[in-house]
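Here are my notes on this one, as promised. Have the viewer open while you read.

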Amino acid sequence: MALTYADFCRSAQYLTDRVPYTPDTAIILGSCLGPFAEEIENPIVIDYGDIPHFLRSTVESHAGKLIFGTVGGKKVVCMSGRFHSYEGYDFEDLVIPIRVLKLLGVQRAILTNASGAVNTAYHPGDIMVISDHIKLNGPSPLRGPNVEEFGPRFFDVSQMYTPELRELALECAKGSPLTFHEGVYMFFPGPQFETPAEIRAARILGADAVGMSTVTEALTAAHCGLPVLALAVITNMAAGVKPGPVTGEEVDDTAALIAGPFSAYLKRLVAAL
Ligand code: HPA
């Protein structure tokens with residue numbers, strides 16, 4: 001059932017009653033990128049299950065906690081655990097976290113995810129700063145009655161991955177041992193990985209990487225005017241790009257390998273905001 005503006009306000013109020021400051025930046029941690037949460041100083045941890053009207057995480061590698069604290073001297077709120085349509089949520093419900101974070105007063109959202117590379121010049125362990133996306137699968141999260149308090153019925157998405165944040169992300173990449181790219185992310189709803197034919201189609205359409213998240217959150221942020229930076233961690237070559245199957249194990253293994261340098265990078269980035 002679609003939430004009303006008053007419902008979103010109740011969720012946000014629950015959090016403001018428990019946290020004595022307004023975080024500047026919201027960070028959503030993707031699959032197995034949870035170790036960044038350990039970088040958060042003076043953490044205030046709130047379970048999703050305790051927040052009125054919030055969604056609950058069902059994926060094992062997603063913790064399901066909102067963590068407030070300080071990183072690189074900046075106040076942040078971190079979603080350790082995110083929501084995907086493949087878990088069974090309606091697309092319309094996937095607006096909830098970003099809208100609650102917006103009501104909290106954050107100035108920007110940094111979205112991270114694990115992705116498969118369509119671009120053959122990419123390698124597992126690389127990072128792609130998302131410049132744009134393709135979403136041909138599934139309805140918009142903004143479908144249904146428009147909540148005017150957040151934004152207009154029809155809205156522009158031609159600059160939704162904020163150029164200034166992308167520029168800063170690439171600038172901060174200079175000190176990182178990781179290899180960075182800028183490219184187009186294509187949303188697939190999962191939970192199955194894609195077929196080789198779907199990946200060939202994605203390449204023809206202009207995708208550099210594919211994944212099952214991020215786009216719903218980015219669209220919700222665009223609707224309510226919240227600047228977004230989205231970072232895709234390339235955990236594997238997408239289906240058919242190299243011989244052999246795509247496995248969840250490979251995704252988890254690469255994510256675990258790069259969690260350290262990626263966390264260090266994110267910390268530098270947040271400090272530079
Ligand atoms: N496809 C979709 N989602 C993913 C992939 C992939 O290859 N790797 C990590 N998340």
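1. Which residues surround the ligand? The shell consists of A114, S115, G116, F193, E194, V210, G211, M212, T235, N236 and V251, where a residue counts as near if one of its heavy atoms lies within 4 Å. Keep in mind that this is a predicted model, in which local features need pLDDT of at least 70, side-chain atom pairs count only at pLDDT 80 or more, and totals for chains, interfaces and linings use all residues. Residues are numbered from 1 along each chain as its sequence is written, and side-chain values use heavy atoms, with hydrogens and water left out.

2. By type, the shell residues come out as five nonpolar, five polar and one charged (Ala, Val, Leu, Ile, Met, Phe, Trp, Tyr, Cys and Pro are nonpolar; Asp, Glu, Lys and Arg are charged; the others, Gly among them, are polar). Strands β5 (108-117), β8 (209-211) and β9 (228-237) each put in at least two residues, and β5 gives the most, with three. Strands here are DSSP E runs of at least two residues, helices are H or I runs of at least four, and both are numbered from the N terminus.

3. Now the polar contacts (N or O pairs within 3.5 Å). A ligand nitrogen sits 2.7 Å from a side-chain N or O atom of N236. Polar backbone atoms also take part: one of A114 is 3.1 Å from a ligand nitrogen, and one of G116 is 3.4 Å from a ligand nitrogen. The protein covers 95% of the 260 Å² of accessible area that the ligand has on its own (Shrake-Rupley, 1.4 Å probe).

4. On the whole fold: the protein has six helices and nine strands. Its radius of gyration, taken over C-alpha atoms, is 17 Å, close to the 19 Å that the globule rule gives for 273 residues, so the protein is as compact as a globular protein of that length. That rule is 2.2 Å times the number of residues to the power 0.38. The C-alpha trace spans about 50 × 40 × 35 Å along its principal axes.

5. Two backbone spots to check. G190 and P191 are joined by a cis peptide bond, with omega about 0°; P191 is in the loop between β7 (180-187) and α4 (196-205). N42, in strand β2 (residues 41-47), has a positive phi, near 50°. Most residues other than glycine have a negative phi, and most peptide bonds are trans.

Note on methods:
A polar contact is a pair of N or O atoms within 3.5 Å; within protein, one must be able to donate a hydrogen and the other to accept it, and residues adjacent in sequence count only if both atoms are side-chain atoms.
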